[in-house]
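Please open the structure in a viewer and keep the sequence at hand. The stops below are given in the order in which they may be selected.

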Amino acid sequence: FALKGENFDGNDFAVAALKTGADWAVVDKVELAENERFVFVENVLETLQKLALHHRQQLNIPVIAITGSNGKTTTKELLFSVLSQHYKTQATIGNLNNHIGVPLSILSISDETDMAIIEMGANHQNEIAFLCSIVMPTHGLITNVGKAHLEGFGGFEGVKIGKGELYDHIEKTGGTIFINGDNYHLVDMIKERKVKSLISFGFSADNFVSGSIVNSSPFLKVAWHRQVMEIDDHMHTAKSNLTGNYNFENIMASICIGTYFKLSPNQVIKGIEVYQPANSRSQLKKTVNNTLICDYYNANPSSMIAAIENLQSSKNDSVAFILGDMFELGLDAEIEHVAIIKKALQLNAGRSIFIGIEFYKHKDMFENKAEFFQTTEKASQILKSNPLSGFMILVKGSRGMKLENLVDLL
């Protein structure tokens with residue numbers, strides 16, 4: 001499929017693709033020479049999306065759509081680990097959750113698949129609605145709504161509208177919604193809609209599955225039980241390989257959905273316990289000198305606050321943090337970055353490091369209280385000459401800050 005990007009046109013590689021093993025090339029550049037293995041269409045991307053919809057219409061399996069401001073990838077991977085204990089499950093690979101990645105994920109579902117998990121990302125309204133028109137989810141989960149992509153959504157209320165498009169689709173199609181019953185934003189959103197099947201999870205005992213945090217140092221251990229216990233049922237526990245109390249809702253979502261689909265407690269426990277985060281999300285990494293909480297795949301105000309509060313609650317006496325700019329906040333960028341600085345400085349950390357143009361703008365306001373660098377490269381130079389040692393260090397920022405380049409220095 002000869003897709004176009006900002007800096008390339010897939011049509012330019014169509015001939016080479018055929019020579020190196022492709023059987024067919026779907027193209028939309030009329031200047032290309034005729035070739036019996038070219039399929040000329042008006043728009044390649046639209047064709048890919050329509051083909052994905054056609055393929056989806058042939059499938060008669062549960063398709064679980066997951067979206068949310070934070071935690072959707074971790075939840076997707078946890079849920080995949082759980083459901084795979086019993087079902088042949090297909091899930092979105094990596095972060096292929098946009099208007100190109102979602103069709104590719106749908107097209108990867110084979111006839112042998114028992115159920116599918118599709119992650120859907122969005123940075124503006126009507127995007128989730130469009131993806132739903134391709135995915136046709138039978139079940140849906142919004143992990144949470146927070147201050148992410150505020151620029152594209154037009155503020156927090158815009159985020160709720162945009163993410164709520166998944167609820168709108170499920171309402172129309174009569175599917176099932178899984179919901180954190182203790183999240184008042186999500187509960188308010190669902191009250192506005194008439195969803196026939198609603199399955200909840202959370203701390204409260206009136207949820208379909210309720211649970212609690214047993215321990216969170218260094219990894220999160222949870223206990224849970226069903227609302228209506230079986231005769232031989234009791235409180236179950238599972239120790240994850242995830243850090244941070246904020247991952248409780250991600251774990252509980254996976255437990256809830258696994259339980260709903262009739263997995264045994266032992267299957268659910270195994271699914272939770274064998275999952276190893278390896279995508280720079282809530283990943284604990286021990287180096288020669290420090291213990292790192294690697295959470296630099298993405299960042300927004302909501303996830304930043306959760307990560308800071310998690311570091312604050314850690315039992316480690318010596319903590320430090322390296323925080324990078326948060327992207328796509330638009331007019332809210334200044335106020336949100338200042339708020340994060342103030343929140344982080346409450347930690348009284350051994351080293352407080354802020355990186356990025358947005359954070360650097362407020363250097364003078366917090367003079368002598370923290371270290372500010374405009375770029376990751378400049379921070380790297382200081383860390384080489386003045387290294388960190390003996391700390392638990394939170395490393396978090398937007399993906400474009402490339403904070404992973406600092407890990408070898410820590």
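The model is predicted: local features need pLDDT of at least 70, side-chain atom pairs count only at pLDDT 80 or more, and totals for chains, interfaces and linings use all residues. Residues are numbered from 1 along each chain as its sequence is written, and side-chain values use heavy atoms, with hydrogens and water left out.

**Helix α5.** Select residues 127-135, which make up helix α5. Helices (H or I, at least four residues) and strands (E, at least two) are DSSP runs, numbered from the N terminus. E127, I128, L131, C132, I134 and V135 of this helix are buried. Buried means under 20% relative accessible area, exposed over 50%, and partly exposed in between (1.4 Å probe, protein chains only). These residues lie on the same side of α5 because they cover an arc of only 160° around the axis, taken from the directions from the helix axis to the C-beta atoms. Next, display the partners of the buried residues: α2 (44-57), β3 (63-67), α4 (101-107), β5 (115-119), α7 (156-163) and α8 (165-173) pack against them, contact being heavy atoms within 4.5 Å.

The structure holds 0 disulfides, a disulfide being a pair of cysteine sulfur atoms within 2.5 Å. For C132, the nearest cysteine sulfur is that of C256, 19 Å away. C294 may be selected as well; it is buried, at 0% relative accessibility.

**Salt bridges.** The whole structure contains 14 salt bridges, each a side-chain nitrogen of Lys or Arg within 4 Å of a carboxyl oxygen of Asp or Glu. Select K76 and E119, whose side chains meet in one of them (3.8 Å, N to O). K76 is in helix α3 (residues 72-83) and E119 in strand β5, 43 residues apart. Both K76 and E119 are buried.

Move on to E371 and R351, which form a salt bridge at 2.5 Å, N to O. E371 lies in strand β16 (residues 371-373) and R351 in strand β15 (residues 351-355), so the pair ties together parts that are 20 residues apart in sequence. E371 is partly exposed, at 21% relative accessibility, whereas R351 is buried, at 10%.

**Final stop.** Select I93, in the loop between β4 (89-91) and α4. I93 is exposed, with a relative accessible area of 59%.
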